[in-house]
Amino acid sequence: MATLNTTAGYRRLDSWVMACIIQLGTDVFCEKFLTRKLDPTGRQYSQMTQAARSGKANIVEGSARAGTSKETEMKLTDVAKASLDELSSDYEKWLLRKGLVPWHRDSEEAKKILQIRFDKPLYGTDWMHDSCVHILNQQKKFEKWLLSDDDVIVANCLLILLMRCIFMLSKQISQQVNEFEQDGGFRETLTQIRVNAKMQNSDAPSCPICGCVMYLRKATSGRNAGKEFWGCSNYPECKGIVNK
C-alpha cells in the first residue's frame, strides 16, 4: 500500500479539504437549482462546476510541483485562488439577481459557519481512503446549510466557505513566497548553479544596460550567424549585448 509522500501532501492542507467541500457543494447546487429555464444552454452550470474543479485541481498540481519549482507552485496556487474568486462572484450574482445580498459576516448564521473548525487529519498508510473519509466528515459539519432546499441558504453558505478557502490560499502564497526567497526549488537551484558557473568566467563583461554579468552566446541566424557575442544574463528582460 502506498504511503503519504510529498506529492500527496496537499491532502493534509485545510485549503484542499475546503476546496473539495466547495466542489461537492457546487455540483449539488447546480444540479438542484440551475433549472433549464434559468440556464437553458447549460453555460452557467459548466462555468461554476469548472471553476470549483479548477480551485481544487490547481492546489493539487501546485503541491506536486513544489519539489521541482517553487515559482510554479506559487503560480498554480494563485490560479486556484483566482478560480475560487470567480466562483464566489457567481454566487454573489445569484443572490443579487434575486434582489438579495450575502449574509453579513456578523449575522447569526454566518457566525455559526465561520466558527466551525476542521478536525486534524489522521491518515494511516491508505492516504487516499483516509483523506476521503476526512473530507466527508468535515463536510457533514456544514450539511445543515449545504443540503438545504433553499438556494439562498446554500449560496450564502458556499460564499462563506469560499471566503475562508481564499483566505487560506492567500496565506499559503505568502508562505510559498518566503520559501522561494530562502531556498527556491529544484529548478531554481539548477538555474542558480548554471548562473554561478557562467559567472566564474573572469573575462565576462558587465551588461552596459543593467550591469548584470554577461554570458558568451552564439548567433544562430542573420548575417552574424555562428559568431560569438556577450549577451546579458537577465535576457529577455534586458537585451544588452557586447560584441566579442
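Helices (H or I, at least four residues) and strands (E, at least two) are taken here as DSSP runs, numbered from the N terminus. By that convention, the protein chain has 8 helices and 3 strands. Residues are numbered from 1 along each chain as its sequence is written. The model is predicted, so that local features need pLDDT of at least 70 and side-chain atom pairs count only at pLDDT 80 or more, while totals for chains, interfaces and linings use all residues; side-chain values use heavy atoms, with hydrogens and water left out.

**The whole chain**

Followed along the sequence, its pattern is α-α-α-α-α-α-α-α-β-β-β. Of the 244 residues in the protein chain, 41% are buried, where buried means under 20% relative accessible area, exposed means over 50%, and partly exposed lies in between (1.4 Å probe, protein chains only). The protein chain exposes about 14,400 Å², and carbon and sulfur atoms supply 52% of it; accessible areas come from the Shrake-Rupley method with a 1.4 Å probe, and for residues only the protein chains shown count as cover. Among contacts with a separation of 6 or more, 64% join residues 24 or more positions apart, a contact being heavy atoms within 4.5 Å.

**Stop 1: the aromatic cluster**

Select Phe-29, Phe-33, Tyr-91 and Trp-94, which form one aromatic cluster. A search of the whole structure finds 5 aromatic pairs. Rings of Phe, Tyr and Trp (its six-membered ring) pair if their centres lie within 6.5 Å; planes under 30 degrees apart count as stacked, over 60 as edge-to-face and the rest as tilted. One of the pairs is Phe-29 with Tyr-91, edge-to-face, at 5.1 Å centre to centre and with 80° between the planes. Because Phe-29 lies in helix H1 (residues 14–33) and Tyr-91 in helix H3 (residues 70–97), this pair ties together parts that are 62 residues apart in sequence. Phe-29 counts as buried at 1% relative accessibility, and Tyr-91 counts as buried at 0%.

Keep Phe-29 selected and turn to Trp-94. The ring centres of Phe-29 and Trp-94 are 5.0 Å apart and the planes stand at 75°, so this pair is edge-to-face. It links distant parts of the chain, with Phe-29 in helix H1 and Trp-94 in helix H3, 65 residues apart. Trp-94 is buried, as is Phe-29.

**Stop 2: two further positions on helix H3**

Thr-77 also lies in helix H3. At 3% relative accessibility, Thr-77 counts as buried. Leaving aside neighbours within four places in sequence, Thr-77 is in contact with Asn-58, Leu-169, Gln-172, Ile-173 and Gln-176. A C-alpha to C-alpha distance of 5.6 Å separates Thr-77 from Ile-59, 18 residues apart in sequence.

Next select Glu-86, found in helix H3. At 44% relative accessibility, Glu-86 counts as partly exposed. The C-alpha atoms of Glu-86 and Gln-47 are separated by 9.3 Å, and the two residues are 39 residues apart along the chain.

**Stop 3: the largest pocket**

Select Leu-13, Glu-73, Gln-172, Gln-175 and Gln-176, which lie nearest the centre of the largest pocket among its 18 lining residues. On a 1 Å grid over the protein atoms alone, a cavity is a set of points where a 1.4 Å probe fits but cannot get out, and a pocket is an open set with protein on both sides within 12 Å along at least five of seven lines; lining residues have an atom within 4 Å of a point. The largest pocket has a volume of about 400 Å³. Grid points are joined across faces, edges and corners, and a volume is the space filled by probe spheres set on the points. The elements giving two or more residues to the lining are H1, helix H2 (43–65), H3 and helix H7 (151–182). H7 supplies the largest share of the lining, 6 residues.

**Stop 4: the cysteines**

Select Cys-212, in the loop between helix H8 (186–199) and strand E1 (214–218). Cys-212 is partly exposed, with a relative accessible area of 29%. Not counting residues up to four places away in sequence, Cys-212 touches Pro-205, Ser-206, Cys-207, Cys-232, Ser-233 and Asn-234.

How many disulfides are there? With a disulfide taken as a pair of cysteine sulfur atoms within 2.5 Å, the count comes to 0. Cys-207, buried at 5% relative accessibility, has its closest cysteine sulfur in Cys-238, 3.7 Å away and too far for a bond. Cys-232, buried at 1% relative accessibility, has its closest cysteine sulfur in Cys-210, 3.4 Å away and likewise too far for a bond.
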